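The sequence and the structure come first.

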Amino acid sequence: MENFNFKSTTRLVFGKDTHEETGKYVKEYSNKILVHYEGDGALIKKLGIYDKVIKSLEENGIEYVTLGGVVPNPRISLVYEGIKICKENGINFILAIGGGSVIDSAKAISLGTAYEGDVWDFFTGKNEPKKSMNVGVVLTIPGSGSEMSESSIINNEELSLKCVCDTEKNFPVFSILDPQVCFTIPPYLMACGVTDIMSHLMERYFSQAKHTELSDALLEAAMRTVVEFGPKIMKEPKDYNNAAQIMWSATVAHNGMIACGRIADWSSHRIEHEISAIYDITHGAGMAIVFPAWMKYVKDENIDIFVNFAVKVFGVENTTKEETALKGIEKLEEFFKSLGLKISLSEVGIGEENFEVMAEKALAGSKTLGRFKKLTKEDIVNILKTSK
């Protein structure tokens, strides 16, 4: 087991109708806030979530300014707009109502408002955050795990570059999780969310760390839960238990605790970020394509863990190592397809024209990418070719 340093400062409020109490939790931190949400807010308004949250804010005497417009692969241009609003209006708290894109955008705004320079510095490694504003979350789409993570991922549309900033300054102070909001999530977004959950678990599971029996078992149990309840929530989206299992799995998958003592890989995510930065596909849809291709390419680096994945997550019969490992990858692809997602780049209209560019950007100036197998530019291009 590797040394680890685990910290989380996020309070989780989980259960039915909990978003109706939002104002009570915001009041602990501020009485003047930015309310940040996706698009024009039509969906959260249609579902009544927005009105209930706003009512709770008003009942608690909280002033608010609103900023919608967040899209998948959240844009740095909107982050800049949010920073400007917060500075001009003396705002010191951001409430994100939405999924991972909204939460990540809110985190970036909070970092940028507390910084005199360009917030993009934090995403390129030019500088490190020293402080941030507080962020609270009302989660509406499970999957990203951003509601309890230290990560923010932002797309610089001018550079066609998608970068991450990991810092403990990004932890939301609270996140409200009401499984009932899942009942009306569009099927495609739910499928992408379920895939994102699975990808977060697998990034941590496929590790070269030794003597990780406890986290092995925790990760395998979490993956089995996603494999069981992912298809169920697609078929019965208004079943509360289906929604609760998926929503809680999303949070557990990305809050760091389940992977303590391991060496996570993250190369599949980095490769997918470059695909979605250029082609603007939803992250979960990209992960359904990239992850199986990565698995096929690297499995021989430690085939035993791929055998365990096949047997303990998908119940594959353990025959030869090669056959069992490949069957596990096949089962994973079948799982993604059962959610209605594509498993190749060609199926989503992406060709080979940018493979070299994406591989170069994924490396971000380094010679190699990933920890399970250190990937060179040539390796990354080969993985992209495998995924076509």
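## Cysteines, a histidine and a helix pair

Cysteine 86 counts as buried, because its relative accessibility is 2%, and buried means under 20%. The structure is a predicted model, and the values in this report are computed from it. Cysteine 86 lies in helix α4, which covers residues 76-89. Leaving out residues up to four places away in sequence, cysteine 86 touches Leu34, Ile91, Ile94, Ile109, Thr113 and Met133. Between cysteine 86 and glutamate 147 there are 61 residues of separation in sequence, and their C-alpha atoms are 21 Å apart in space.

How many disulfides does a search of the whole structure find? The search finds zero. Cysteine 163 is in no disulfide, and the nearest cysteine sulfur to it, that of cysteine 165, is 10 Å away. The sulfur of cysteine 165 likewise has its closest cysteine sulfur in cysteine 163, and this distance of 10 Å is too far for a bond, because a disulfide needs the two sulfur atoms within 2.5 Å. Cysteine 163 counts as buried at 13% relative accessibility, and cysteine 165 counts as buried at 2%.

The next residue is a histidine. Histidine 283 is found in helix α11, which covers residues 283-298. Is histidine 283 buried or exposed? Histidine 283 is buried, because its relative accessible area is 15%, and the cut-off for buried is under 20%. Its side chain makes a polar contact of 3.3 Å with the side chain of histidine 269. Apart from neighbours within four places in sequence, histidine 283 is in contact with Lys162, Asp196, His269, Glu272 and His273.

The table lists the relative accessibility of the residues described above.

| Residue | Relative accessibility |
|---|---|
| Cysteine 86 | 2% |
| Cysteine 163 | 13% |
| Cysteine 165 | 2% |
| Histidine 283 | 15% |

The last topic is a pair of helices. Helix α7 (residues 187-205) packs against helix α9 (residues 240-254) at an angle of about 35°, and their axes are 9 Å apart. The crossing of α7 and α9 is left-handed. On the α7 side, the residues that meet α9 are Met190, Val194, Ile197, His200, Leu201 and Arg204. On the α9 side, they are Ile246, Ser249, Ala250, Ala253 and His254. The residues of this contact between α7 and α9 divide into seven nonpolar, three polar and one charged.

How values were computed. Residues numbered from 1 in each chain as written. Predicted model: local features only at pLDDT ≥ 70, side-chain atom pairs only at ≥ 80, totals over all residues. Heavy atoms only, no water. Buried < 20%, exposed > 50% of the residue type's maximum accessible area, 1.4 Å probe, protein only. Helix = DSSP H or I, 4+ residues; strand = E, 2+ residues; numbered from the N terminus. Polar contact = N/O pair within 3.5 Å; in protein donor to acceptor, adjacent residues only side chain to side chain. Contact = heavy atoms within 4.5 Å. Axes fitted to C-alpha atoms, helices over the stretch in contact; angles between N-to-C directions. Left-handed = near helix turned anticlockwise from the far one by under 90°. Nonpolar A, V, L, I, M, F, W, Y, C, P; charged D, E, K, R; others polar.
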